[in-house]
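Here are my notes on the model you sent over. Have it open while you read.

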Amino acid sequence: MYRILTALAGMALATACGPESAPAGSAAVAAPAADTVPGRWYTEAQVAAGEPLYQAHCAVCHGADGSATPDWRKTDANGNFPPPPLNGTAHTWHHPLVVLTETIEKGGAQYGGLMPGFAQVIDADGRLAVVAYIQSWWTDDIYARWDEIDRR
Ligand code: HEC
């Protein structure tokens, strides 16, 4: 699947790089990649790249579909929070992109949490791809609320 998407992205790029075809007036805005998901910051290729990373490193705690742990507000006997759902049903959408990628990079220790950091395991592009994959679960409504926070 990933290969197909990458191939498609490559083809789309090749087409996009043809002779000057951008309409006048659009020069000020950087052209989004050809496979940008409509209304979102990320591309289909990033979602595809994020999936195997997520399933390999995150699913064990956050669930294959990002739905663990429904009772995420409840701390355990030691006062620690469980891995919250990342699928848009908890409060992950309160965090701007930079906080999300930093959480993946450095883990929860910076907030007194238990989540391990992945700085040595997933590079910066990979961390963005994982966030793209997570956000592909979010409804447009949740995404719009996040987008507002991310722009602040
Ligand atoms: C060992 C279990 C574990 C693994 C593996 C893990 N997490 Fe977490 N994650 C947690 C816990 C527990 C929290 C709650 C904060 C804390 O204790 O650090 C959390 C919090 C988060 C948050 C903040 C969510 C919010 O709503 O504030 C994000 C985002 C996140 N994890 C993403 C990931 C991603 C992406 C991966 C894989 C690269 C991952 N986690 C791997 C346990 C884990």
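Predicted model: local features only at pLDDT ≥ 70, side-chain atom pairs only at ≥ 80, totals over all residues.

1. The protein chain has six helices and zero strands, so reading from the N terminus you simply get α-α-α-α-α-α.

2. If you take the contacts with a separation of 6 or more, 54% of them join residues 24 or more positions apart.

3. Have a look at the largest nonpolar core, which has 18 residues. A129, V130, V131, A132, Y133 and I134 have the most contacts inside this core. Two or more residues each come from α2 (44–57), α4 and α5 (124–135), and α5 gives the largest share, with seven.

4. Leaving out residues up to four places away in sequence, I134 touches Y54, G66 and L86.

5. Now the ligand. There are 26 residues around it, and C58, C61, G108, G113 and M115 come nearest. As for helices, α3 (59–62) and α4 (97–106) are the elements that give two or more residues to this shell. By type, the shell divides into 17 nonpolar residues, nine polar ones and no charged ones.

6. Last, check the backbone at A68. The peptide bond from A68 to T69 is cis, with omega near -10°. Most peptide bonds are trans.

Conventions
Residues numbered from 1 in each chain as written. Near = placed C-beta within 6 Å. Helix = DSSP H or I, 4+ residues; strand = E, 2+ residues; numbered from the N terminus. Nonpolar A, V, L, I, M, F, W, Y, C, P; charged D, E, K, R; others polar. Contact = placed C-beta atoms within 7 Å. Core = buried A, V, L, I, M, F, W, Y, C linked by C-beta atoms within 7 Å. Buried ≥ 20, exposed ≤ 12 C-beta atoms within 10 Å, placed from the backbone.
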